[in-house]
Amino acid sequence: MEEEEYSKQIANRLIDWYLLNKRDLPWRNTTDPYKIWISEIILQQTRVDQGLNYYLRFVERFPDVFSLAAAEENEVLKYWQGLGYYSRARNLHASAGIIVDEYSGKFPGEYSEVLRLKGIGEYTASAIVSFAWNKPYPTVDGNVFRFLSRLFAIKEPIDTGKGKKLFTETAHMLMDKQRSGLFNQAMMEFGALQCVPAAPVCFECPFISQCMAYSAKMVNLLPVKQNKTKVEERYLYYFHIIQGKNTYLSKRQGKGVWHNLYEFPMLESGVPLGFSELQANPAFQSIFRDMKGMKFRLVLENKKHVLSHRKLFASFYEVIVGNEFGTRTVSDSSGSFIRIEEDTIDAYPVHRLMEIYLENYHNGKDFEIRM
Ligand code: SF4
């Protein structure tokens, strides 16, 4: 069969499967590039079922690029709270400003212009221009890598420049150029629902007779990855300082994932620290310099939180201090921290670990108490 004819057959079968099996999701019923952009950014590191409510709340509060650009970053982060990878929200906010300033609020329509916006890579730019305007750019995400690697038994690793190029070309070759948006959606949904990582439903698959991995009994060996991501372990120690009605927060600086989110004064270590080791740590001494009569209680110990390259273990200490604590400015390693009334803490965007601690703390759930 001619290559063109073969591609057409695969694309038609994929789209037919999609129209029968697709999940009904709100961002699939729109060609508004703003809403497609928001949904794609939310779904970058988040499961669909978790992302759906965030998407609905986000577009209700920020229904267009103007409302997003005009908002304070703190409020945008608040709407993102719990989703993690907060640079996504900061980039959305910054790019909304660029679209308003440089494009008078009209979403740029060229792939190269979309790619220049902050936080948008090749996949997201392709998704926006193909879903909104049917432009023929393939969206090659993890689902597409998996489906194509199996369909054609491609052993090229997916996490190399060479591999990405090969898979993008293969997707482009198969693409129905008149229905690029629909084709892209169909291929991603097929990987997400049918050609799944473990135990794909091969015996009900419309491609079983063409699937080269199936006939070669290689389904579970594909796709191939070259590098296993190294996961680093970090230990975080937070101090929930209580001084009458007040507590202390620090706004995270630097380029990390939690940039501009609030948290209790803390110190970080590459190894676990007992309380006497904590006390000897210079960051601890900087926070509690000259303090007397403090009472420490370990209320949450080694709460695990996994990021893409890091495994975090967070411990939270409640620290009761006297009034003299607030009479001086104190700095921890991430910058000076502010004194706030404890009952206003909900107004501050915090990361997931802080959120877990506060939910449990305020709900009065029991933590393991070791001191
Ligand atoms: S036969 Fe199995 S491995 Fe091959 S495309 Fe279908 S679901 Fe995926």
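# Helices, ligand shell and loops

User: Which residues of H8 are buried?

Analyst: This is a predicted model. In H8, the buried residues are Thr124, Ala125, Ser126, Ala127, Ile128, Val129, Ser130, Phe131 and Ala132.

User: How many of the 12 residues of H8 are buried?

Analyst: Helix H8 covers residues 122–133. A residue is counted as buried when its relative accessible area is under 20%. H8 is mostly covered, and the number of its 12 residues that are buried is nine.

User: What do the buried residues of H8 pack against?

Analyst: Among the buried residues of H8 are Ile128, Val129 and Phe131. The partners of these buried residues are helix H2 (33–43), helix H7 (111–115) and H11.

User: Which residue follows H8, with a positive phi?

Analyst: Helix H8 runs over residues 122–133. The residue after H8 has a positive phi, near 60 degrees, and is Asn134.

User: Why is H11 described as largely enclosed by the rest of the structure?

Analyst: H11 comprises residues 180–193 and reaches 20 Å from its first C-alpha to its last, close to the 20 Å expected. Its buried residues include Phe183, Met187, Met188 and Phe190. H11 is largely enclosed because, of its 14 residues, the number buried is 11.

User: Which helices are included in what covers the buried residues of H11?

Analyst: The buried residues of H11 include Ser180, Gly181, Asn184 and Gln185. What covers the buried residues includes helix H1 (3–21), helix H8 (122–133), helix H9 (142–151) and helix H10 (161–174).

User: Where does the ligand sit?

Analyst: The residues around the ligand include Phe147, Pro200 and Val219. The place in which the ligand sits is the largest cavity.

User: How many charged residues does the shell around the ligand have?

Analyst: The residues around the ligand are Phe147, Arg150, Cys195, Pro200, Cys202, Cys205, Cys211 and Val219. Cys, Phe, Pro and Val count as nonpolar, whereas Arg counts as charged. By class, the shell has seven nonpolar residues and no polar ones, and its number of charged residues is one.

User: Is Ser315 buried or exposed?

Analyst: Ser315 belongs to strand E6 (residues 310–320). Beyond its sequence neighbours up to four places away, Ser315 touches Leu236, Tyr237, Tyr238, Leu298, Leu300, Glu301 and Asn302. The cut-off for buried is under 20% relative accessible area. At 3% relative accessibility, Ser315 is therefore buried.

User: What is the relative accessible area of Arg252?

Analyst: Arg252 is placed in the loop between strand E2 (246–251) and strand E3 (262–263). Its contacts, leaving aside neighbours within four places in sequence, include Tyr238, Trp258, Met266 and Glu268. Arg252 is buried, and its relative accessible area is 18%.

User: Where does Ala153 lie?

Analyst: Ala153 is not a glycine, yet its phi is positive, about 50 degrees. At 17% relative accessibility, Ala153 counts as buried. Ala153 lies in the loop between H9 and H10.

User: What kind of peptide bond joins Leu222 and Pro223?

Analyst: Pro223 is located in the loop between helix H12 (212–215) and strand E1 (232–242). For the bond between Leu222 and Pro223, omega is about 0 degrees, and the bond is cis.

User: How many of the residues of the chain count as buried, in %?

Analyst: The chain contains 15 helices and eight strands. Its C-alpha atoms fill a box of roughly 85 × 50 × 35 Å along the principal axes. Of the 371 residues of the chain, the share that counts as buried is 50%.

Key. Residues numbered from 1 in each chain as written. Predicted model: local features only at pLDDT ≥ 70, side-chain atom pairs only at ≥ 80, totals over all residues. Heavy atoms only, no water. Helix = DSSP H or I, 4+ residues; strand = E, 2+ residues; numbered from the N terminus. Expected span 1.5 Å × (residues − 1). Buried < 20%, exposed > 50% of the residue type's maximum accessible area, 1.4 Å probe, protein only. Contact = heavy atoms within 4.5 Å. Near = heavy atom within 4 Å. 1 Å grid on protein atoms, 1.4 Å probe; cavity = no way out; pocket = protein on both sides within 12 Å on 5 of 7 lines; lining within 4 Å. Sits in = over half its atoms within 2 Å of the grid points.
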